[in-house]
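Visitor: Hello! Could you take me on a close look at the nonpolar core of this model, and at the spots around the chain that go with it?

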Amino acid sequence: MIHKRDTIANILASFPGFIKNWNAHQLFWEGEDAGLCNDLGEFQRYIESLFLVAEPPLTTIASAFVLVEKLLCEGDQEVQNAAATCFLENFLNRGFVSVDQFINHLGPKSYAYCRAWDEFTGVDSDNSMLESSVSKPFA
């Protein structure tokens, strides 16, 4: 089981490009615990920024979504909630990156969560998630 204490350590070890963002995040919180949701929100903004460059590093982006899927599958309840709410929902709600840009990176649990979120909110994220013609990207 993945716990809060392991989540950010795993992210920092796997995504060295995030360290600069992480250090700025830590400075903003002046050493206080920002909470896992805020921490994963910062990681989400970093991954989101990678989509916005001229040549997105697709391997890094894919690895981030693999990690989030692992957090959803193997994390304790706090880790699962933060991965869903502060990573996946941020992608759906912020709108800087089209769902079409990341849908193929979603694992089964991530995809199911995004569909459930769209159904709950009544939003059809970029006409991709709820259309019956869209099949699971991982099928």
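Guide: Happy to. The largest nonpolar core has 37 residues, and those with the most contacts inside it are Phe43, Ile47, Phe65 and Phe102. Please keep in mind that this is a predicted model. Two or more residues of this core come from each of α1 (4-14), α3 (36-51), α4 (58-74), α5 (77-94), α6 (99-102) and α7 (108-121). Helix α5 gives the largest share, 9 residues. As general background, nonpolar side chains in soluble globular proteins tend to be buried together.

Let's begin with Phe102. Setting aside residues up to four places away in sequence, Phe102 touches Phe51, Phe65, Phe91, Leu92 and Val97. One of these partners, Phe65, is also listed with Phe102 among the core residues with the most contacts.

From there, turn to helix α7, where Ser110 lies. Ser110 counts as buried because its relative accessibility is 0%, and the cut-off for buried is under 20%. The side chain of Ser110 makes a polar contact of 2.7 Å with the side chain of Glu69. Beyond its neighbours within four places in sequence, Ser110 is in contact with Val68, Leu72 and Leu88, as well as with Glu69.

The cysteines deserve a stop too. The count comes to 1 disulfide, formed by Cys37 and Cys86, whose sulfur atoms are 1.3 Å apart. This pair links distant parts of the chain: Cys37 sits in helix α3 and Cys86 in helix α5, 49 residues apart. In general terms, a disulfide is a covalent bond between the sulfur atoms of two cysteines. The two ends fall into separate accessibility classes: Cys37 is partly exposed at 35% relative accessible area, whereas Cys86 is buried at 6%. Cys114 is buried, with a relative accessible area of 0%, while Cys73 counts as partly exposed at 45%.

Last, look at Glu74, which is found in helix α4. The C-alpha atoms of Glu74 and Ile2 are separated by 5.8 Å, although the two residues are 72 residues apart along the chain. With neighbours within four places in sequence left aside, Glu74 is in contact with Ile2 and Met1.

Key:
Residues numbered from 1 in each chain as written. Predicted model: local features only at pLDDT ≥ 70, side-chain atom pairs only at ≥ 80, totals over all residues. Heavy atoms only, no water. Core = buried A, V, L, I, M, F, W, Y, C linked by side-chain atoms within 4.5 Å. Buried < 20%, exposed > 50% of the residue type's maximum accessible area, 1.4 Å probe, protein only. Helix = DSSP H or I, 4+ residues; strand = E, 2+ residues; numbered from the N terminus. Contact = heavy atoms within 4.5 Å. Polar contact = N/O pair within 3.5 Å; in protein donor to acceptor, adjacent residues only side chain to side chain. Disulfide = S-S within 2.5 Å.
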